[in-house]
Amino acid sequence: MGETTAQPSTPPAPPPPPSPGLTLIRPSSKKKHKPAKVFRIFRNVFRSFPIITPACKLPSLPGGHLPEIKAAGGGRVTGTLFGYRKGRVSLSIQETSRTLPTAVVELAMQTQALQKEMSLGMVRIALECEKNAEKEKMELLEEPLWTMFCNGKKIGYAVKREETEEDLRVMEILKAVSMGAGVIPPVNSTEGPDGELAYMRAHFDRVIGSKDSETLYMLSPDGNTGPELSIFFVRV
């Protein structure tokens, strides 16, 4: 009998590289997460709606005028608009650039469309939801679904969602950025080679008018001009 030559065993596949550590800290106002099932349901429905690219030129909001806001509180927060150029843009609100998001809202615009509108001048976004008795104890930014207006024109629906792992990776990458705009490599491999993720980060003055109205006014770096972007949250 001839000798049988032992075949070398196939070495086991190496383990996947560990995810980079998350060093964002918990904000002082962060509350315990509520079950995310309802947000996933709204997001799935929301994604079935078409995107309507707006021609944002009318300097008005629903009803033709800005809502009257009498400040009852607020402060300064960090706001980040980010997204893949051909995907929907999201808004992350943080106490500072080094804290976990207190809210993430997926807007009804493509990132490149919002970039174009902001290059043309002032942009005012209104996010409107309905008021009812069941929502008396719900905080405004916990509302799951919003009708979105851009300078008075209805363009679709925005959804509030829990932050994803991808959101957190983006916030981690941008942790040292207090203000600025640019692109970062894709954090989602499914986006392909052209999937650069664009972002714009700024400080916002947060004005709380009541339990049914809040406004974010983007602060200009030089402080000499009015806000280029204002975001209104209104429950009507």
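**Entry 1: Arg 85**

I started with Arg 85, which is partly exposed, with a relative accessible area of 32%. The model is a predicted one. I located Arg 85 in the loop between β1 and β2. Next I listed its contacts, leaving out neighbours within four places in sequence. Arg 85 touches Gln 110, Thr 111, Gln 112, Gln 115, Val 183, Glu 196 and Ala 198.

**Entry 2: Overall layout**

I stepped back to the whole chain. I noted three helices and 10 strands. Along the sequence I read the order α-β-β-β-α-β-β-β-α-β-β-β-β. The chain has 236 residues, and 42% of them count as buried. I looked up the accessible surface, which comes to about 13,600 Å². Carbon and sulfur atoms hold 56% of that surface. I then turned to contacts with a separation of 6 or more: residues 24 or more positions apart account for 62% of these.

**Entry 3: Confidence**

Before going further I checked pLDDT. The chain averages 78, and 67% of the residues score at least 70. I flagged two stretches. Over residues 13-19 pLDDT stays under 50, and the model has one contact there beyond four places in sequence. Over residues 31-72 pLDDT also stays under 50, but here the model has 74 contacts beyond four places in sequence. I kept a caution beside both: where pLDDT is low, predicted coordinates should not be read in detail.

**Entry 4: Strand β4**

Is β4 mostly covered or mostly open? I found that six of the seven residues of β4 (residues 123-129) are buried, so by the under 20% cut-off the strand is mostly covered. I then looked for its partners. β4 runs parallel to β10, with seven bridges joining them. In that pairing Leu 127 stands opposite Phe 233. With β5, β4 pairs in the antiparallel sense over four bridges. There Ile 125 stands opposite Cys 150.

**Entry 5: Nonpolar cores**

Which residues have the most contacts inside the largest nonpolar core? I noted Leu 107, Ile 125, Leu 127, Leu 229 and Phe 233, in a core of 31 residues. Strand β3 gives the most to this core, with five residues. Apart from it lies another core, of 12 residues, among them Leu 24, Phe 82, Val 170 and Leu 174.

**Entry 6: Aromatic pairs**

I searched for aromatic pairs and the structure holds two. In one, the ring centres of Trp 146 and Phe 233 are 5.5 Å apart and the planes stand at 75°, so I logged the pair as edge-to-face. This pair links distant parts of the chain: Trp 146 is in β5 (residues 145-150) and Phe 233 is in β10 (residues 229-235), 87 residues apart. Both Trp 146 and Phe 233 are buried.

In the other pair, the rings of Tyr 217 and Phe 232 have centres 6.2 Å apart and planes at 85°, so this one is edge-to-face too. Tyr 217 is in β9 (residues 213-218) and Phe 232 is in β10, 15 residues apart. Phe 232 counts as buried at 2% relative accessibility.

**Entry 7: Helix α3**

I looked at α3 (residues 165-173) and found Asp 167, Leu 168, Val 170, Met 171 and Glu 172 buried. The buried residues of α3 pack against several strands, including β1 (74-84), β2 (88-94), β6 (153-161) and β8 (197-210).

**Entry 8: Asn 151**

Last, I looked up a backbone angle. Most residues other than glycine have a negative phi. Asn 151 has a positive phi, near 50°. I placed Asn 151 in the loop between β5 and β6. Asn 151 counts as buried, because its relative accessibility is 4%.

Methods. Residues are numbered from 1 along each chain as its sequence is written. This is a predicted model: local features need pLDDT of at least 70, side-chain atom pairs count only at pLDDT 80 or more; totals for chains, interfaces and linings use all residues. Side-chain values use heavy atoms; hydrogens and water are left out. Helices (H or I, at least four residues) and strands (E, at least two) are DSSP runs, numbered from the N terminus. Buried means under 20% relative accessible area, exposed over 50%, partly exposed in between (1.4 Å probe, protein chains only). Contact means heavy atoms within 4.5 Å. Accessible areas come from the Shrake-Rupley method with a 1.4 Å probe; for residues, only the protein chains shown count as cover. Rings of Phe, Tyr and Trp (its six-membered ring) pair if their centres lie within 6.5 Å; planes under 30 degrees apart count as stacked, over 60 as edge-to-face and the rest as tilted. pLDDT is the predictor's confidence in each residue, from 0 to 100. Two strands pair if DSSP finds at least two bridges between them. A nonpolar core is a set of buried Ala, Val, Leu, Ile, Met, Phe, Trp, Tyr and Cys residues joined through side-chain atoms within 4.5 Å.
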